[in-house]
Amino acid sequence: MSQLRAAAGGLRRGGGGGRAVPPAGRRRKDASVGVSSPGHRGRTPAPPPAPHLFSDPAEVGALRGNLLAWYDRCKRDLPWRRVGGTGAPALIPALFPAVWVSEIMLQQTQVATVIDYYNRWMQKWPTLQALAQASLEEVNELWAGLGYYSRGKRLQEAAKKVVSELAGRMPRTAEDLQKLLPGVGRYTAGAIASISYGQATGVVDGNVIRVLCRLRCIGADSSSPAVIDRLWDMANALVDRSRPGDFNQALMELGATVCVPKAPLCGECPVKQHCRARCRVEKELAFASQKLFGNPPPVPDVEDCGVGDCPLCPPATEPWDSSLGVTNFPRKAAKKQPRVERTATCVLERRGCHGAPEYLIVQRPSSGLLAGLWEFPSLPLAQGLQEEKQREVLADHLQAWMGQPVVAGRLRFIGEVVHIFSHIHQTYVVYSLHLDGDVTLDPALSPSRWVTEDEFHTSAVSTAMKKVLGGTWAFPPFPSLWSWASPDSGPQLEFSSGLSCASFRC
Ligand code: SF4
Ligand SMILES: [Zn+2]
């Protein structure tokens, strides 16, 4: 598997799932998993070879029944599932915000992480009207630490749009939801429409991709638009007509808890009798065991579907690997490496009116990465910049904020903090500067304010900045900054810069 690799994950929804890529528990990306939009379908491709389809109505009926019975018995108790029952129309007003908010939060985020955020969000903004009246600052504060901050922003923009432009009436079909609401992609639209409004429409997220690819031995690149289109067709054909919301949740739940990326629990799987990947593994095992006992059967029928140049089978250059078993599927092209960036950041500290330390934070631009969030004054560093030069550019940058000269030599290097964004490997080179007197911040620059440590943690700051203040070092501070309290209590940090050990929670 040089180019494609068995994707050990799928975006995940809970304790088990995940894709090679996001670890278990995390869930789909919605449109960003490569899901095609309706505009993608300009031509009608030839139907896939039969082995990759669910063409027997009896089998489809059995699969739906087995999966739903398992879901009724085994589904996890999650707060957004407590709001309503089975997507009955009477529950629509109550279900809608719960499903929408949970679906948006679950994109790229672990279920365990989402629960607390979801509960706080629903407590604060239980209705669309309440959310529409919130400020972006409030949304960012509640979202702080959840990552992918544009999700919260767009959720609120969509709520505003429903209230102000759609007279408070929610679109009720997947097509309209996707067309009319910002931040609602094909997956989210399908989930809301099926779970809240009972529309018989399928969903495709990372978990569903994994389950379907295994059920039908799809080994072509599962992130390619052609394969994603096929999976959507399959999901739309499979979805149960009377309980579409439950069926979709059941399929995702199966991927998150049973058909997990690395070690699927095939023995406990409610749809194992419909799974062609498992069937293939069993045939191979039967063949191997009969061979062991000197009774070689005919060569097992474990070839690909038999159609030359099949667009859904693994490519000839990347054939089935017996050692991987069912985890041969799904496969996806190797992920692009994140780009490497370095940013100088300075923790500016002063004594507040009660003697407690206060830190300067400034607001990021309203678009782009971490839009509108607050951070310590920072600036990107050119590659290969010498340490002395780093200090100088940072001192110049700080001077603009403070309106007074900053001597580069007074900036104390503290350490480096690494934070991985989805597409950026970011290293923060952290300096500190303790101010003796007060400074007047230039109001013409971006908004800025002084905060205590407690205020810092309740502000809309990113996880990366919390790491900076929390001292999650990738590169230890200079040895001169270390001292050892006692062998039992472990290493303690001392900062002669004025940054106290407590403030870095070392
Ligand atoms: S039998 Fe195994 S591989 Fe097939 S769907 Fe079930 S858990 Fe997944
Ligand atoms: Zn094939």
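Q: Which residue of β8 is the bridge partner of Cys 346?
A: The bridge partner of Cys 346 in β8 is Tyr 431. The model is a predicted one, and the bridges are computed from it.

Q: What makes β3 and β8 a pair of strands?
A: Strands count as paired when at least two bridges are found between them. Strand β3 (residues 339-351) and strand β8 (residues 424-434) are joined over 11 bridges, in the parallel sense.

Q: Why is α10 called roughly perpendicular to α12?
A: An angle of 65 to 115 degrees counts as roughly perpendicular. The axes of α10 and helix α12 (residues 244-257) cross at roughly 85° and come within 8 Å. Because that angle falls in the stated range, α10 is roughly perpendicular to α12.

Q: Which residues make the contact of α10 with α12, and how do they divide by class?
A: From α10 come Asn 207, Val 208, Arg 210 and Val 211, and from α12 come Leu 251, Met 252, Leu 254, Gly 255 and Ala 256. By class they divide into 6 nonpolar, 2 polar and 1 charged.

Q: Why are α10 and α11 described as roughly perpendicular to each other?
A: The axes of α10 and helix α11 (residues 225-238) cross at roughly 85° and come within 11 Å. The range for this term is 65 to 115 degrees, so α10 and α11 are roughly perpendicular. Val 208, Ile 209 and Leu 212 of α10 make the contact with Leu 231, Met 234 and Ala 235 of α11. That contact has 6 nonpolar residues, with no polar and no charged ones.

Q: Why is Arg 280 called buried?
A: A residue is buried if 20 or more other C-beta atoms lie within 10 Å of its own. Arg 280 has 23 such atoms within 10 Å, and is therefore buried. Arg 280 is found in helix α13. Arg 280 and Gly 325 lie 45 residues apart in sequence, and their C-alpha atoms are 8.3 Å apart in space.

Q: Which residues come nearest to ligand 1, and which helices supply its shell?
A: Of the 14 residues around ligand 1, the nearest are Cys 259, Cys 266, Cys 269, Cys 275 and Val 326. At least two residues of the shell come from each of α10 (206-215) and α13 (276-292). The helix α10 gives the most, with 3 residues.

Notes: Residues are numbered from 1 along each chain as its sequence is written. Chains are lettered from A and ligands numbered from 1 in the order in which they are written. This is a predicted model: local features need pLDDT of at least 70, side-chain atom pairs count only at pLDDT 80 or more; totals for chains, interfaces and linings use all residues. A residue is near a molecule or strand if its C-beta atom, placed from the backbone, lies within 6 Å of it. Helices (H or I, at least four residues) and strands (E, at least two) are DSSP runs, numbered from the N terminus. Axes are lines fitted to C-alpha atoms, for helices over the stretch in contact, and angles run from 0 to 180 degrees between N-to-C directions. Angles under 35 degrees count as roughly parallel, over 145 as roughly antiparallel, 65 to 115 as roughly perpendicular and the rest as oblique. Two residues are in contact if their C-beta atoms, placed from the backbone, lie within 7 Å. Ala, Val, Leu, Ile, Met, Phe, Trp, Tyr, Cys and Pro count as nonpolar, Asp, Glu, Lys and Arg as charged, and the others, Gly among them, as polar. A residue is buried if 20 or more other C-beta atoms lie within 10 Å of its own, exposed if 12 or fewer, and partly exposed in between; C-beta atoms are placed from the backbone.
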